Amino acid sequence: MPKAKYQLISDLIRRRIASGELRAGDRLLPQRAFSEQHGVTLGTVSRAYNELIREGVLEATIGRGTFVRSSGCVESPNEGVIDLRVNRPPVRLLVSDLIRSLGEAPDSFGAALTRDEALTLGSAAHRRAAGEWCRERYAYDAARSSLVLCSGAQQGLMAALMACTRPGDTVLTEKVTYVGVMIAARALGLNVVGVAMDEEGMCPIALSQCVRDTNARVLVCTPTFHSPTSITMPLARRQAIIALAQRHDLTLLEDDAYGALAMPAMPSLFSLARERTLLFTSFSKTLAPGIRAGMLLAPGRLGSVLYRKVRAVAWNIDPLSWAVLSHWLSNGTAQRAIEDNRKVLIERGHIARQVLEGCEFRTDEGCPHLWLTLPTGLTVSTVAASLQAEGVHIQPANDFSVDESYDPGAIRISLGAPSNIATLRKGLLIIRRKLMSPNRYERLIV
Ligand SMILES: Cc1ncc(COP(=O)(O)O)c(C=O)c1O
């Protein structure tokens, strides 16, 4: 059914807020001026404004006008700082969705708040919504695999490592990777060895060598939008890794924290080799950071072990996050918001390509981060310090190195972190100026 005019207007205002054109505290045009500017009746504008006020997107103050309400999106606490470190999804309008959802399903939110589902790790409704999502994304089949709910990918990773390793074991992973892998491994007394990568991700020849050298039996990897490099493994590379895993009897722990942002979706290692793969995912990077809800998929025989490991780590999953997520998966809000995030990230990726033209970097469509190789002669620490002096914070590559002495000579830039496009552009321009300026050596090398 085509949308009514007032809905088109409220959509337009939502988009302007999402893109950063309108920010928290900004005053909207008075309704009469808006109606004249857009050639619609005053009644239509009034209905659109009222809808957004009801949703909590706008607020009206008598005698002062209508303003954009705080979205709940946390701006950098330091005035003037452009923080490009943390990967977080850019969507700004979920607060109004949350307010609406609480009113739509008070019983299920009430139950999440007051009932203890600890003995089942989530309610039947949560498991239904998760099962549906996993069926669509990962061809999950309850007869062959198990699905365990958890409170995010880090918890899924921890439970998977606990289930598949013993203290003192060696775990293989990409040479540079998400820092949570090192943190979890250290806590469990595991050694981590980094496997060399090329432009298609983990290198099979290097993997083969590492397995021979270390006798490792577990491999952790991020095949889609790998952090920090942004690489998505093509299908042939996934198949090569699986073939090696079969030859050396490796268990694969697949981190799919970003997979939902990739279109078209590549087949997961889990769907290609479900007898030896444990996949963990979450919604903190694709939907909203505050939704501490994740899923663990594994061979059927591991279900009860993983269940106990998740309980050992956290006793229960976060019931409120799960109540929100299962409601949003069932009514389509989660899918829409992830798609919105993807669109915003694609647009930000285009802007980054324009601004950083001439620099050496890589990112893929929809990927929330960008991996920028520094020109020869510049070191990560001096670039990071020099950028910080100008108020731009980036994640130096060393933070991602499994072997702390390895310096890949690159920085990761988060495209989703800035609250609006103007801030992202400003940060990127400063980075470009630092890297491209002819006298950069004098300014950067101390
Ligand atoms: C690649 C990767 N995996 C897992 C995680 C952890 O995700 P969650 O917030 O769901 O625990 C992160 C978070 O930064 C990540 O970047």
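Reply: We may start with Pro228, which sits in the loop between β9 (218-221) and α10 (235-248). Please bear in mind that this is a predicted model.

Me: What kind of peptide bond joins Ser227 and Pro228?

Reply: The feature to read here is the omega angle. For Ser227 and Pro228 omega is about 15 degrees, and the bond is cis. Pro264 belongs to the loop between β10 (251-255) and α11 (269-272).

Me: Which phi value does Phe225 have, and is Phe225 buried or exposed?

Reply: Phe225 is a residue other than glycine with a positive phi, near 50 degrees. Like Pro228, Phe225 is placed in the loop between β9 and α10. Burial is read from a neighbour count, with 20 or more C-beta atoms within 10 Å as the cut-off for buried. Phe225 has 26 C-beta neighbours inside 10 Å and therefore counts as buried.

Me: Where does Asp249 lie, and is Asp249 buried or exposed?

Reply: Asp249 is found in the loop between α10 and β10. Asp249 is not a glycine, yet its phi is positive, about 55 degrees. The cut-off for exposed is 12 or fewer neighbours. Asp249 has 9 C-beta neighbours inside 10 Å, so Asp249 counts as exposed.

Me: Which residue follows α13, and where is its place?

Reply: Gly332 follows α13, and its phi is positive, near 90 degrees. Gly332 is in the loop between α13 and α14. With 10 C-beta neighbours inside 10 Å, Gly332 is classed as exposed. Its C-alpha atom is separated by 44 Å from that of Ser381, a residue 49 positions away along the chain.

Me: How are strands read, and in which order do the strands of the open sheet stand?

Reply: Strands of a sheet pair through backbone hydrogen bonds, in either a parallel or an antiparallel sense. In this model, 4 strands form an open sheet in the order β13-β14-β17-β16, with antiparallel pairing. β13 (360-362) and β16 (395-396) are at the edges, each with a single partner strand, so one side of each has no neighbour in the sheet. Within the sheet, β14 (residues 369-373) and β17 (residues 410-414) pair over 5 bridges. Leu372 stands opposite Ile411 in β17.

Me: How many residues lie between β1 and β2 in their hairpin?

Reply: There are 3 residues between β1 and β2, and Gly63 in the turn has a positive phi of about 85 degrees. Strand β1 (residues 58-61) and strand β2 (residues 65-68) run antiparallel and are joined by 4 bridges. Thr61 stands opposite Gly65 in β2.

Me: Which residues come nearest to the ligand?

Reply: There are 14 residues around the ligand, of which Gly152, Ala153, Gln154, Ser282 and Ser284 come nearest. By residue class, the shell divides into 3 nonpolar, 9 polar and 2 charged.

Me: How many helices and strands does the whole protein have, and how is its overall form read?

Reply: The protein has 17 helices and 17 strands. Its radius of gyration is 23 Å, close to the 22 Å that the globule rule gives for 446 residues, so the protein is as compact as a globular protein of that length. Along the principal axes, the C-alpha trace spans about 75 × 60 × 35 Å. Buried residues account for 45% of the 446 residues. Of the contacts between residues at least 6 apart in sequence, 73% join residues at least 24 apart.

Methods: Residues numbered from 1 in each chain as written. Predicted model: local features only at pLDDT ≥ 70, side-chain atom pairs only at ≥ 80, totals over all residues. Near = placed C-beta within 6 Å. Nonpolar A, V, L, I, M, F, W, Y, C, P; charged D, E, K, R; others polar. Helix = DSSP H or I, 4+ residues; strand = E, 2+ residues; numbered from the N terminus. Rg over C-alpha atoms; globule rule 2.2 N^0.38 Å. Contact = placed C-beta atoms within 7 Å. Pairing = 2+ DSSP bridges.
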